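User: I am new to reading structures. Could you take me through this one feature by feature, and begin with what a single residue touches?

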Amino acid sequence: MNPLEMRLVDQLKAWQKRLGLDDWTMTLQVVRQSEIDPNAWGSARWNSRAKTATIQVLDPRDYNLKGADLRLDMECTIVHELVHIQVSPLDASDAQVREDVVNKIMAALLNRPCPN
């Protein structure tokens, strides 16, 4: 793995844990624009039953940003795709599943569990 991929995988693992997805097996790929939607900076594919996912992040060569802005945006893409995975159970009819997802996101945003 190159240094960029190592940094992105570290970010993926940190956000995965923070969002309560640490029981998932996730991989990260840096991809060229031709491999994803032309209007996207990333994408995610997942299997909820197997708890597996692949997060794709746009290759820096295809970005219009550089330096710190590029690094920040790549992290935002990772978080954005993880939240897609996190909220995917909301389509389920089980109210408890929806409540659990909302609580995980809330705790992640606050960076701590809440008393209630």
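Analyst: Contact means heavy atoms within 4.5 Å. Leaving aside its neighbours within four places in sequence, Gln56 is in contact with Gln29, Val31, Ile36, Trp41, Gly42, Ser43, Arg45 and Thr77. Before we go on, a note on the source: this is a predicted model, in which local features need pLDDT of at least 70 and side-chain atom pairs count only at pLDDT 80 or more, while totals for chains, interfaces and linings use all residues. Residues are numbered from 1 along each chain as its sequence is written, and side-chain values use heavy atoms, with hydrogens and water left out.

User: Is Gln56 buried or exposed?

Analyst: Buried means under 20% relative accessible area, exposed over 50%, and partly exposed in between (1.4 Å probe, protein chains only). Gln56 has 7% relative accessibility, so it counts as buried. Its place is in strand β3.

User: Which side chains does the side chain of Gln56 make polar contacts with?

Analyst: A polar contact is a pair of N or O atoms within 3.5 Å; within protein, one must be able to donate a hydrogen and the other to accept it, and residues adjacent in sequence count only if both atoms are side-chain atoms. Another, at 2.6 Å, is with the side chain of Ser43.

User: How many helices and strands does the chain have?

Analyst: Helices (H or I, at least four residues) and strands (E, at least two) are DSSP runs, numbered from the N terminus. The chain has 3 helices and 3 strands. Along the sequence they follow the pattern α-β-β-β-α-α.

User: In what order do the strands lie in the sheet?

Analyst: Two strands pair if DSSP finds at least two bridges between them. Here the 3 strands form an open sheet with the order β1-β3-β2 and mixed pairing. β1 (25-31) and β2 (42-47) are at the edges with a single partner strand each, so one side of each has no neighbour in the sheet. On average, neighbouring strands of this sheet are turned by 15 degrees against each other, direction ignored. For such angles, axes are lines fitted to C-alpha atoms, for helices over the stretch in contact, and angles run from 0 to 180 degrees between N-to-C directions.

User: How many bridges join β2 to β3?

Analyst: There are 6 bridges between β2 and β3 (residues 52-58), and the two strands run antiparallel. Ala44 has Ile55 in β3 as its bridge partner, and Asn47 has Thr52.

User: Which strands do the helices on the sheet touch?

Analyst: Helix α1 (residues 3-18) packs on the sheet and touches β1 and β3; the direction of α1 makes about 145 degrees with that of β1. Helix α2 (residues 67-87) also packs on the sheet, touching β1, β2 and β3, and its direction makes about 150 degrees with that of β3.

User: Where is Lys51, and what is its phi?

Analyst: Lys51 is in the loop between β2 and β3. That hairpin has 4 residues between the strands. Lys51 is not a glycine, although its phi is positive, at about 55 degrees. With a relative accessible area of 32%, Lys51 is partly exposed.

User: Which residues touch the most other members of the largest nonpolar core?

Analyst: In soluble globular proteins, nonpolar side chains tend to be buried together. A nonpolar core is a set of buried Ala, Val, Leu, Ile, Met, Phe, Trp, Tyr and Cys residues joined through side-chain atoms within 4.5 Å. The largest one here has 22 residues, and Met26, Ile55, Leu82 and Ile85 touch the most other members. α1, β1, β3 and α2 each supply at least two residues of this core. Its largest share, 5 residues, comes from α2. Not counting residues up to four places away in sequence, Leu82 touches Leu12, Trp15, Gln16, Leu19, Leu21, Met26 and Ile55.

User: Is Leu72 buried or exposed?

Analyst: Leu72 counts as exposed, at 51% relative accessibility. Leu72 belongs to helix α2.

User: What share of the whole chain is buried?

Analyst: Of the 116 residues in the chain, 32% are buried. Among contacts between residues at least 6 apart in sequence, 57% join residues at least 24 apart. The C-alpha atoms fill a box of roughly 45 × 25 × 25 Å, taken along the principal axes.
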